[in-house]
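This report goes through the domains of one protein and the surroundings of its ligand. Please look at the sequence and the structure before reading on.

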Amino acid sequence: MKRQSIVNSKVLVVGGAGFIGSHLVDKLIAEGANQVLIIDNLFIGKRENLNQALKKGAILYVDDAENQEALGYILEKYDIDIVFNCATKPLNYSFINPSNTYMTNVLVLKNLLELQRKKVFDTLCHFSSSEAYGSAQYQPMDEEHPLVPHTPYAAGKASADLLLQSYVSMFELDAFLIRPFNNYGPRQNFEGSLAGVIPLTIKKILEKQAPEIHGAGKQTRDFIYVEDTVDIALKIFPIISPGECVNITTDQQLSIENVVKTIVNVMNYKGEVLKMPYRKADVLSHRGSVKKLQNMIGQYDKKPFKDGITETVNWIKDMS
Ligand SMILES: NC(=O)c1ccc[n+]([C@@H]2O[C@H](COP(=O)([O-])OP(=O)(O)OC[C@H]3O[C@@H](n4cnc5c(N)ncnc54)[C@H](O)[C@@H]3O)[C@@H](O)[C@H]2O)c1
C-alpha cells in the first residue's frame, strides 16, 4: 500500500490546540502540508498554542469532535486527506469526571472511524498512550504487552485502540496507532489540578511554593520531549502498516524523584520538597521498549532531559 505523503496533503489535527497536537501542527506546516485544519473544543487546548500556525495559514475550528456532524463538515468542506487524532481529556480529569474522560477518548475516535469507513478521508493516525498498558508486567514493555488500564482515562485509550484495530480488520481502513510514553515540554498545561508533574513542579517553584512528590518518588516514567515525539510520528507515518501500533519512547527511565531533582537544579531552588501521600492508580513503573521503533526509523538522538527541562522552564516563565 502506498500512503499519500504529508507534503501537499490536506490534514486535520483533532485536539490540535493542545500540547502535542499544536507541536504536530507546526511540524506538519514545516514539512510542507498544503493545508492544516484544527478542531479543538479548547477544554485544555489554547488558541495561543497555535499563534505561529494560524499566522502561516492554519485554520482553527473551536468545536466538539464528539459531534460527528462537526467533524464531517470540516472533513468534507476542506476535502481532507489525512487525520491525526490527538483529542483527549487529561488523565487527572479521570479522578473528577471518570465517565466523560473515558467517553471522549472513545467517542472522538469512533466518529473518525465511521467517517473514514464512509471514505470521507484516506488515512488516520491515532495517538494512543502508554497508560493503556497499566503497570508493567515485564520490562521493557513492547507493543505485545497486555492492555491492563488502571484509570478510566487509560481504559478509554485502550478501548479506542481496540476499536481502531477492529475497524481496520473489518473494513480495511488505512488507520494506525502510535503509542507515546510521557511527554514534556513547552505548551503542556501548567494550570490547576489537571497539570502533570513537570509543569506543576516548575509552576510551584516559580510561585515560591514547595514542590511535591507523591509517595516515595520511586515510581518511574519514560519522559520524551514533545518535539521528538512529533518528529518521530512523522518519520513513522510513511512506513507503518494499517492496524499496527508502535511505542514512541526514548527508553529513558526516570524516577519522579529524579525528575523533581532535575527541575530543582535547573531552577536553582533551595527550599524543601514536600512528601505527599501515594496517589491511588499511579502506575509504579513505565519502561517502554524502543526496539520496534528503532527497527523502523533507526537510532534516534533524543533531546537530553536537562535541556528539555530548561526549555520548558523558560516557556512557563514567559507565560506566567
Ligand atoms: N502528554 C503526554 O504525556 C501523552 C503521553 C502519551 C499519549 N498521549 C496522547 O497524545 C494525545 C495528545 O495529548 P496531549 O498531551 O497533547 O493532551 P492535551 O490535553 O494537551 O490535548 C488534547 C486536546 O484535545 C482537546 N479536546 C478534548 N476534548 C475534545 C473534544 N471533545 N473535541 C475537540 N477537542 C477536544 C483539548 O482541548 C486539548 O487541546 C492524546 O491522545 C494523549 O492520550 C499524551
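Which residues does the domain assignment give to domain 1 and to domain 2? Domain 1 covers 10–184 + 225–248, and domain 2 covers 192–221 + 253–319; such bounds come from an automatic or database domain assignment. Residues are numbered from 1 along each chain as its sequence is written. The model is predicted: local features need pLDDT of at least 70 and side-chain atom pairs count only at pLDDT 80 or more, while totals for chains, interfaces and linings use all residues.

**Between the domains**

Taken over C-alpha atoms, the centres of domain 1 and domain 2 are 23 Å apart. In domain 1, 27 residues are in contact with 23 residues of domain 2, contact meaning that the C-beta atoms, placed from the backbone, lie within 7 Å. On the side of domain 1 that touches domain 2, two or more residues each come from β7 (182–184), α7 (226–236) and β10 (245–248). Helices (H or I, at least four residues) and strands (E, at least two) are DSSP runs, numbered from the N terminus. The largest share of that side, four residues, belongs to α7.

**Around the ligand**

The ligand is surrounded by 31 residues, and the closest are Gly15, Gly18, Phe19, Gly45 and Ser129. A residue counts as near if its C-beta atom, placed from the backbone, lies within 6 Å of the molecule. Elements giving two or more residues to this shell are α1 (19–30), β2 (35–40), α4 (98–117) and β7. The largest share, three residues, comes from α1.

**Residue classes**

Terms used
Two residues are in contact if their C-beta atoms, placed from the backbone, lie within 7 Å.
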